[in-house]
Amino acid sequence: MSIFIDNNTTLIVQGITGRDGSFHTRQMIEYGTKVVGGVTPGTGGQTFDDSVPIFDTMHAAVTATGANTSVIYVPPPFAADAIMEAAAAGITLIVCITEGVPVLDMTRVYPFVKEHGARLLGPNCPGLITPGESKVGIIPGRICAPGNVGIVSRSGTLTYEIVHQLTSAGIGQSSCVGIGGDPINGTNFIDCLAAFEADPHTKAIAMMGEIGGTDEQEAAQFIKDHMKKPVVGFIAGQTAPPGRRMGHAGAIISGSSGTAAEKIDAFKAAGMGVAQRPVDFVELIRARLS
Amino acid sequence: MDLHEYQAKELMRTAGVPIPPGKIARTADEAEAIANEYGVPVMVKAQVHAGGRGKAGGVKFCKTPADAKEKAQAILGMDIKGLTVEKVLVTEAADIASEAYVGIIVDRATKKAVFMVSAAGGIDIEEVAATTPEKILYLPVDPRYGLMSFEALRMGFFLYSDAKLARAAAKIMQQLYAAFMNAGCSLAEINPLVVTPNNELIAVDGKMVIDDNELDRRPDIAALRDESSEAPSEVDARNANLTFIKLDGDVGCIVNGAGLAMATMDLVKFYGGDPANFLDIGGSSNPEKVVNALRIITADPNVKCILFNIFGGITRTDDVANGIVTATKQNPLTVPIVIRLTGTNEEIAMKILTENGFSASSDMDEAVQRAVALAKGEAA
């Protein structure tokens with residue numbers, strides 16, 4: 001068991017002929033992901049690596065393959081349209097890896113995706129992996145191992161670091177989900193925590209947050225109110241200077257400046273385990289599994 | 001990207017927002033000439049990317065052109081929060097009957113552009129939010145319809161009971177929203193929006209922050225970047241496609257990925273050290289980036305030790321190793337270096353480093369502790 005992707009995931013790669021798209025398509029196929037098609041406008045009818053059919057549009061790709069998931073590697077100016085194209089074509093899980101999508105584009109994309117009943121992961125995220133079954137995105141497959149710890153994180157390489165340390169210590173994962181670090185993203189911590197809570201195979205959850213915003217505080221409240229499974233949290237940026245992307249005005253609505261200390265306090269108040277260092281996850285998680 | 005006040009005002013003026021005339025002066029004589037041209041009392045305002053300009057003495061009222069010259073003389077060259085004032089905005093001074101606040105930000109929670117308006121303007125809106133939140137009206141804008149007339153008018157009447165002023169304010173809301181969308185802002189604000197004794201509205205101060213992700217498709221906005229007002233090392237890093245923020249410590253950190261970079265800084269602190277910077281070399285494999293990163297880090301005289309922490313996913317660790325070898329051949333290091341590499345092509349990377357006289361570890365905690373000890377001059 002897992003969340004969001006498994007053996008039944010059938011994937012279309014949007015931007016399959018690009019540098020990143022083609023590299024990661026090969027990695028995903030090698031891992032065992034069922035890549036059933038790719039889309040690059042103008043190259044429809046060709047075949048990627050003699051095995052994956054390429055289409056001009058998502059509509060054509062979904063009609064021909066019946067795929068349920070897509071992953072996006074197109075450049076930032078085209079990413080918003082690619083997400084909406086996937087949603088309109090009937091894809092139910094859209095994973096946008098692209099970094100640098102303008103936030104005003106995302107204000108239009110988000111309601112469109114919702115109205116089409118799709119789930120968006122990202123943008124600016126590493127994707128997700130269900131070890132031993134399927135990976136969608138760029139998380140290195142070899143650092144993961146099947147198991148019963150759910151991972152949800154806002155960052156990329158930090159997640160790899162922690163997953164790697166868990167795997168090295170013999171602790172496997174049910175699914176690892178990178179929600180991305182952009183101000184507006186499709187899936188948040190609470191969406192993933194609720195899915196892990198409902199997944200019978202997941203026994204404990206490791207959650208990696210960052211400074212900025214209030215997503216972690218809201219997640220902590222959700223954990224306190226709705227979750228029975230143990231959650232261990234970490235906040236990156238305890239020593240970072242105040243964020244530069246958002247001015248102070250960004251914090252006014254939430255009534256918080258999003259510091260590491262506030263977030264860690266929220267974790268403690270929710271009865272969560274708090275990892276001070278990445279390596280601390282190993283013992284904190286182990287204790288909650290036994 | 002932050003815009004200067006005069007740049008933000010120009011964009012707002014283009015959208016129709018009523019703004020008093022103003023011009024930029026780089027010398028005291030220029031300031032005097034502009035004041036002469038206007039023939040009325042003026043404000044002389046420091047143009048730097050820092051809040052609290054007024055409190056720092058960077059904003060002055062001047063009755064006469066001679067006064068403007070004197071005040072400009074004092075402000076030009078002034079240091080405000082570490083930034084040197086290179087230019088001042090000379091603008092007609094407004095008579096003020098009342099002050100309001102109008103701002104738009106992109107809000108994470110509602111996932112929309114949200115207006116914030118308050119009749120309590122002219123002071124920090126953060127303070128209003130903290131002490132009298134009921135004095136602020138929040139209005140999220142549905143991006144599919146834009147700001148609708150009734151919404152703009154509702155905000156107008158929230159600020160002014162006088163119907164003429166409310167309508168004039170509603171028009172300014174529309175104009176500000178257009179400027180916000182056209183420039184690709186993450187924040188735009190007018191503070192204060194002033195009612196003059198003649199019962200007219202004017203925007204006396206304006207601020208805009210542009211979403212960096214918009215700059216590629218808006219070259220006219222990107223051209224407004226003022227590199228002279230930023231730390232040279234940060235300009236250098238941006239031009240090399242690196243994300244760099246200078247700090248005060250002595251352990252120079254070079255990491256791939258923002259989350260891991262922050263966690264590395266935290267770990268340096270945890271083991272009793274002080275990070276000299278945040279530096280994210282990003283996800284792509286490119287030895288050139290490593291060369292640039294080392295050049296920027298070693299230019300900081302405070303750096304006593306360099307710490308690499310690379311978790312290879314997309315980033316190939318052999319590319320990083322090649323970058324380290326190339327960079328140190330070009331510019332031999334004068335401070336110790338600690339390298340932690342793991343992930344994609346780790347064996348090749350270790351071989352490259354060993355052959356060139358470097359040692360590397362694959363354990364993050366061990367590497368950070370070693371770097372902290374070396375920065376303190378302890379044998380590790």
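Predicted model: local features only at pLDDT ≥ 70, side-chain atom pairs only at ≥ 80, totals over all residues.

Trainee: How many helices and strands does chain A have?
Mentor: Chain A has ten helices and 14 strands. Its radius of gyration is 19 Å, close to the 19 Å the globule rule gives for 290 residues, so chain A is as compact as a globular protein of that length.

Trainee: And what box do the C-alpha atoms of chain A fill?
Mentor: Roughly 55 × 45 × 30 Å along the principal axes. Of the 290 residues in that chain, 59% count as buried.

Trainee: OK, on to the cores. Which residues have the most contacts inside the largest nonpolar core?
Mentor: They are A:Ile72, A:Ile83, A:Ile94, B:Met173, B:Leu176 and B:Ala371, in a core of 197 residues. Helix H6 of chain B, residues 163-183, gives the largest share of this core, with nine residues. Apart from it there's another core of 18 residues, including B:Ala31 and B:Ile75.

Trainee: What is A:Ile94 in contact with, leaving aside neighbours within four places in sequence?
Mentor: Among others, A:Ile72 and A:Ile83, plus A:Val113 and A:Leu120.

Trainee: B:Ala371 was in that core list too. Which helix has it among its buried residues?
Mentor: That's H13(B), where the buried residues also include B:Met364, B:Val368, B:Arg370 and B:Leu374. The helix runs over residues 364-375 and reaches 17 Å from its first C-alpha to its last, close to the 16 Å expected.

Trainee: What covers the buried residues of H13(B)?
Mentor: The cover includes helix H5 (157-168) of chain A, along with chain B elements such as helix H9 (258-270) and strand S16 (305-312). Just after H13(B), B:Gly377 takes a positive phi of about 80°.

Trainee: Switching to the contact between the chains: how many residues does it take from each?
Mentor: It takes 44 from chain A and 51 from chain B. On the chain A side, H4(A) gives the largest share, six residues. By class, that side has 24 nonpolar, 15 polar and five charged residues.

Trainee: Last one: is B:Gly103 buried or exposed?
Mentor: B:Gly103 counts as buried, because it has 23 C-beta neighbours inside 10 Å and the cut-off is 20 or more. B:Gly103 is in strand S7 of chain B, residues 98-107. Its C-alpha is separated by 9.7 Å from that of B:Tyr138, 35 residues apart along the chain.

Key: Residues numbered from 1 in each chain as written. Chains lettered and ligands numbered in written order. Helix = DSSP H or I, 4+ residues; strand = E, 2+ residues; numbered from the N terminus. Expected span 1.5 Å × (residues − 1). Buried ≥ 20, exposed ≤ 12 C-beta atoms within 10 Å, placed from the backbone. Contact = placed C-beta atoms within 7 Å. Core = buried A, V, L, I, M, F, W, Y, C linked by C-beta atoms within 7 Å. Nonpolar A, V, L, I, M, F, W, Y, C, P; charged D, E, K, R; others polar. Rg over C-alpha atoms; globule rule 2.2 N^0.38 Å.
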